[in-house]
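Take a look at the model below.

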Amino acid sequence: MSKTSGKYNVTDPRKISYELFTLTYGSFVMQLIKDYEDVDEVNKQLDTIGYNMGNRMIEDFLARNPHISRCSDFRETAEVLSKQAFKMFLGIQPQVTNWNNSFDEFSLIIDPNPLTEFVEFPDHGKFEKLNYSQIICGAIRGALEMVQLKVECNLKTDQNKGDSTYTEIRIKFVEIIQDAIPVGED
């Protein structure tokens with residue numbers, strides 16, 4: 001017999017995975033810091049790991065949401081990303097805001113950021129350049145590239161750096177990736 005409370009359903013494997021991820025993410029980042037001993041390299045590793053996760057997560061997202069068709073514009077992509085993908089994988093719904101005039105760049109405001117729930121940095125000076133949530137930027141880039149959208153994705157503010165009370169990720173559309181057939185093949 002399983003026990004469920006209002007917020008937590010112990011029989012839902014996605015909820016368990018989400019909680020396990022947020023609880024262990026800090027340890028994972030600290031291990032990267034120990035392994036690489038260079039915060040810039042840790043930021044690159046977090047981005048690469050996130051990118052690879054995004055490549056795989058998009059398949060799961062599309063398999064679980066067969067009703068979703070190709071987005072008609074970047075604004076629709078932003079809405080699907082914020083309202084469905086983040087909800088599915090992190091249990092949150094970031095706010096889409098700060099569109100530029102040509103609607104090819106926007107911000108995602110994540111408040112609260114589940115990756116920062118159980119994190120306290122003992123020495124901000126040592127971790128000043130650490131982009132703790134960079135894994136999210138990598139995941140967004142990786143997922144969107146799998147659906148043929150090349151984007152730039154950067155942390156503008158990060159809760160852990162004391163920038164603000166929320167995390168802001170800036171996403172800029174670069175180009176549609178065209179299917180390429182290798183030279184010599186028809």
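Where is the kink in helix 3 centred? It is centred on Leu-81, and the kink is about 35°. The bend at a residue is the angle between axes fitted to the seven residues ending there and the seven starting there.

Some ground rules come next. This is a predicted model: local features need pLDDT of at least 70, side-chain atom pairs count only at pLDDT 80 or more, and totals for chains, interfaces and linings use all residues. Residues are numbered from 1 along each chain as its sequence is written, and side-chain values use heavy atoms, with hydrogens and water left out.

The protein chain has four helices and four strands. Their order from the N terminus is α-α-α-β-β-α-β-β. Helices (H or I, at least four residues) and strands (E, at least two) are DSSP runs, numbered from the N terminus.

Of the 186 residues, 40% count as buried. Buried means under 20% relative accessible area, exposed over 50%, and partly exposed in between (1.4 Å probe, protein chains only).

Back to helix 3, which spans residues 74-90. Asp-73 caps its N-terminal end. A side-chain oxygen of Asp-73 lies 3.2 Å from the backbone nitrogen of Arg-75. A polar contact is a pair of N or O atoms within 3.5 Å; within protein, one must be able to donate a hydrogen and the other to accept it, and residues adjacent in sequence count only if both atoms are side-chain atoms. After the helix comes Gly-91, with a positive phi near 70°. The buried residues of helix 3 include Phe-74, Leu-81 and Phe-86.

Now the core. The largest nonpolar core has 40 residues. Such a core is a set of buried Ala, Val, Leu, Ile, Met, Phe, Trp, Tyr and Cys residues joined through side-chain atoms within 4.5 Å. Among the residues that touch the most other members are Phe-86, Leu-108 and Ile-140. Helix 3 gives the largest share of this core, eight residues.

Leaving aside neighbours within four places in sequence, Ile-140 is in contact (heavy atoms within 4.5 Å) with Leu-81, Phe-86, Leu-108, Cys-153, Ile-169 and Ile-171.

Finally, the cysteines. A search of the whole structure finds zero disulfides, a disulfide being a pair of cysteine sulfur atoms within 2.5 Å. Cys-137 has the sulfur of Cys-153 as its nearest cysteine sulfur, 3.8 Å away. Is Cys-137 buried or exposed? Cys-137 counts as buried because its relative accessibility is 0%. Cys-71 is at 24%, so Cys-71 counts as partly exposed.
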